Amino acid sequence: MPVTVAIVFLLITVGSVVFHFWSPWWWPEVASNWGGMDDTIILTFWMTGFVFVVICLFISYCVWKFAYKKDKRAEYKPEDKKLEFRLTWITTLGVAALLAPGLVVWNSYVTVPDNAYKMEVFAYQWGWKYRLPGDDGILGKTDIKYISDDNPFGLILEDPNGKDDLLVDGDELHLLIDRPVKFELRTIDVLHNFYVPQFRGKMDMVPGIITYYWITPTKTGDFEVLCAEYCGTGHYAMRGRVIVDKEQDYKKWEAKQITFEKMLAQNKNVKNLQLAKSTK
Amino acid sequence: MSDEYEHKLEAKSDYTADASNVGASDIDAVPEAEVADQELYHSHSWWTTYVFSQDAKYIGVQYALTAIGTGLLGLVLSWLMRIQLAFPGLGWLEPAAYYQFVTMHGMIMVIYLLTALFLGGFGNLLIPLMCGSRDMAFPYVNMLSYWAFVVAVLVLLASFFVPGGPTGAGWTLYPPQAITAGTPGSNWGIILMLVSLILFVAGFTMGGLNYIITVLQLRARGMTLMRMPLTIWGIFTATVLALLAFPALLVGCLMMTLDSMLGTSFFMPAMVSLGEKLSYDGGSPILFQHLFWFFGHPEVYIVALPAFGIVSDLLSVHARKNIFGYRMMVWAIVGIGALSFFVWAHHMYVSGMNPWFGFFFATTTLIIAVPTAIKVYNWIITLWRGNIQLSLPMLFSLAFIVTFLNGGLTGLFLGNVTVDVPLSDTYFVVAHFHMVMGIAPILVVFGAIYHWYPLITGRMLNETLGKIHFWITFVGSYAIYFPMHYQGFVGVPRRYFEIYDSPYIDTSTLLLNQFITIAALIVGAAQLLFLYNIIVSARLGKKSKKNPWKACSLEWQTPQMPPEHGNWGKETPKVYRWAYDFSVPGAKEDYIPQNVPPSEVTGAKVEKT
């Protein structure tokens, strides 16, 4: 019995390691600048994996070596100060070694570079829309009470910065390769989370506030957008597409988008349009 | 080991005069009782004995059975979800039902099974017996605590039968979504959930005060705090945490109830819900998350600390060796408990709170890994040069170490704020918390039931059935949750009713889902063996000897087994040592119970405790 148990524990340990290296299930290749996150995971894997294997092997060994015998006595040793002290310090050092690189990467994650261009990701139950700042590079202010069929983003008409904002028609977003972009995340109803697995980044969108994160796409291609914060019955269906383009293709796509002003004109919403014009 | 005890000895040196055994009096000295023996309520009818019982042992069993019954519902719900995930083509669940099952499964398992079982169940059974008391300090309040729990469970179950069904808000109940139209059960279901939680907290508070006061005030003579079994330390500290943490949940529930029913805006900003402008304005959804996790993170330790304590005792008894580094273990429990109030926002790294909080909470979270690691070291060092009996409690304890280690180490991934970004809200998180606070504590529960079942019923559980149950449960649940981490690496998001054929997800991920589901069905079914075992063995099991595991702690030293009302017969026990005097050199037996006076084991070379 002890031998069997020891072997099973050994097999579980070895099996876990084998599974790890042979697993076909692994992350899709990173398509943004956040390869550092992957590196931190790998570092954590090596350190924690080592601890896991050592402790499991130790257990297997003990089960086999110190199996119960009727006339045997266990060792009587309530404490070993020196050993406990050493183990505490080794653990503390190990933990610090994991934490430090993590905090360095986090620091760059929350510090948006100055040259990042801004855009708005707009979430609702259950879909995505996007807004680009237009020629002035500034996103117009919004308020939830302005939201209507004619003004789906709730742009404040009195704010001149909003007029040239490009309102992306459809839930397909294009991004420029190798240019840092800051996503300003907005939701008009419940929590959502703008998540593209290949970009690694994530941040909840919270009604009432604008949250953000930034990435630099490093690969052209076509990626899926998922909502990563539970948002009700349609959560699982809240998908979209992001396409990372080279400059030329991006320009073509951008040219197809219409400004807020144009949209108002198209909708023949004369009153709003006049109000918008009068504040120029 | 305890200085406190030595001081007491000196201070009360005059009591030896009236000790009956004059020859042994010096070494058998125990401080006098500080309060008179407890007057107990004696039941007169079947109703007051078995239903509205005021005996903590019965209340413990009542709590445990109610919790396990509710937990079985949680188990069945998990089957339904898993079948949907593995075979989406069957189309037998609506998305709304799926989310309702996810929510109810989570809440039932965390609160109504684990919390109730560890504190209400094991707390009531073991605190008076292990501390050498006759009962809890306030038996009547203790009874009320159980019945409040029953009402809370009934209200929770009632939500399955109201219009719209139970809430499908996820067990975290995040507003605004919990009370707006896009979520199932956003009218009736959520209100019943909140009311049920409020009742649970009220009931728990009655029980919790009892546990604390009993531990602090009603310990037997000589039972210093530093002689208490770690089980009691774990339950005691967890109760302190619960009394401090549950109020945060309580106010969160109350405020959300007001938002939902009276239209206040604690958690509700201005919003447009499915095309309709709501009248809320100015509230903060993140405030609820802070309240929820200020409760929610200590909650993890409310479940884990009793498990830590119990597993320490099981390992020690069945390895015939004292728990290694007892004092360090006590301080680790207390330290983890204190730290657990400073780490809550690691559940919120990507919640939209100020991202600079990430630095603080990542640091505190990784600090908590140190005392936790010390506990793991001390468990395995306890095995070293032990005399390990591979009894069922020992097997479950070993399995606990492996699963807890695994789940604890993946906690280092998620706690480290950067690593959390890609992994949060994926199946990595699901795998992590099931491993660390689902499987690991449940394995301890099983170990504990196999261990203390003779104390409750006077009979042993069937060993063969138990072994089959053990291997399927351990290996099976490892097979469920270990590979699940890798779905998280792929980026499969959690709380998805269906993943479709996303371009980045290989079809083999669906295969893995099917494998996991089949393993889950098998592990779940194996629990029927366990149920059969506990039901049938109560009548037909092999009669247990007194103290069948040769344990040192007091619960096995009662005059009758199972212990009777009042536990101790005429006189409560006197305690002369800690609960871990196993394999003491020079002693005749390989264990010296806590209530054996030094004069009876003069040859034993015990270290002072």
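**Notebook: a two-chain predicted model**

**Entry 1: Ser583(B)**

I began at Ser583(B), which sits in the segment after H15 of chain B. Helices here are DSSP runs of H or I with at least four residues, strands are E runs of at least two, and both are numbered from the N terminus. I noted a phi near 50° for Ser583(B), a positive value in a residue other than glycine. Buried or exposed, I wondered, is Ser583(B)? Ser583(B) counts as buried, because 23 C-beta neighbours lie inside 10 Å. For the record, buried takes 20 or more other C-beta atoms within 10 Å of the residue's own, exposed takes 12 or fewer, and partly exposed is in between, with C-beta atoms placed from the backbone.

A reminder to myself: this is a predicted model, in which local features need pLDDT of at least 70 and side-chain atom pairs count only at pLDDT 80 or more, while totals for chains, interfaces and linings use all residues. Residues are numbered from 1 along each chain as its sequence is written, and chains are lettered from A and ligands numbered from 1 in the order in which they are written.

Asp178(A) lies in the loop between strand E4 (172-176) and strand E5 (181-187) of chain A. With 13 C-beta neighbours inside 10 Å, Asp178(A) counts as partly exposed.

Then I looked up cis peptide bonds. Gln125(A) and Trp126(A) are joined by one, with omega about -5°. Trp126(A) belongs to the loop between strand E1 (117-124) and strand E2 (127-132) of chain A. In chain B, the bond from Met561(B) to Pro562(B) is cis, with omega near -5°. I placed Pro562(B) in the segment after helix H15 (508-540) of chain B.

**Entry 2: Arg221(B)**

Arg221(B) is in the loop between H6 and helix H7 (230-261) of chain B. It counts as partly exposed, because it has 17 C-beta neighbours inside 10 Å. Which residues does Arg221(B) contact, leaving aside its neighbours within four places in sequence? I listed Val30(B), Pro31(B), Ala33(B), Lys574(B) and Val575(B); in contact means that the C-beta atoms of two residues, placed from the backbone, lie within 7 Å. I also checked Ala56(B), 165 residues from Arg221(B) along the chain: their C-alpha atoms are separated by 20 Å.

**Entry 3: a helix pair in chain B**

Helix H5 (residues 139-158) and helix H6 (residues 188-217) of chain B pack with their axes 8 Å apart, at an angle of about 165°. The axes are lines fitted to C-alpha atoms, for helices over the stretch in contact, and angles run from 0 to 180 degrees between N-to-C directions. That angle makes H5(B) roughly antiparallel to H6(B). The cut-offs are under 35 degrees for roughly parallel, over 145 for roughly antiparallel, 65 to 115 for roughly perpendicular, and oblique for the rest.

On the H5(B) side I noted contact residues including Ala148(B), Phe149(B) and Ala152(B), and on the H6(B) side Leu199(B), Phe200(B) and Gly203(B) are among them. By class, this contact has 17 nonpolar, six polar and no charged residues. Nonpolar covers Ala, Val, Leu, Ile, Met, Phe, Trp, Tyr, Cys and Pro; charged covers Asp, Glu, Lys and Arg; the others, Gly among them, are polar.

**Entry 4: the two chains, each in turn**

Chain A has six helices and eleven strands. Its radius of gyration is 27 Å, well over the 19 Å that the globule rule gives for 280 residues, so chain A is more spread out than a compact globule. This radius is taken over C-alpha atoms, and the rule is 2.2 Å times the number of residues to the power 0.38. The C-alpha trace of chain A spans about 100 × 35 × 35 Å along its principal axes, and 40% of its 280 residues are buried.

Chain B has 15 helices and two strands.

**Entry 5: where the chains meet**

How many residues of chain A are in contact with chain B? I noted 85, touching 94 residues of chain B. H3(A) gives the largest share of chain A's side, 14 residues. By class, that side has 53 nonpolar, 19 polar and 13 charged residues.
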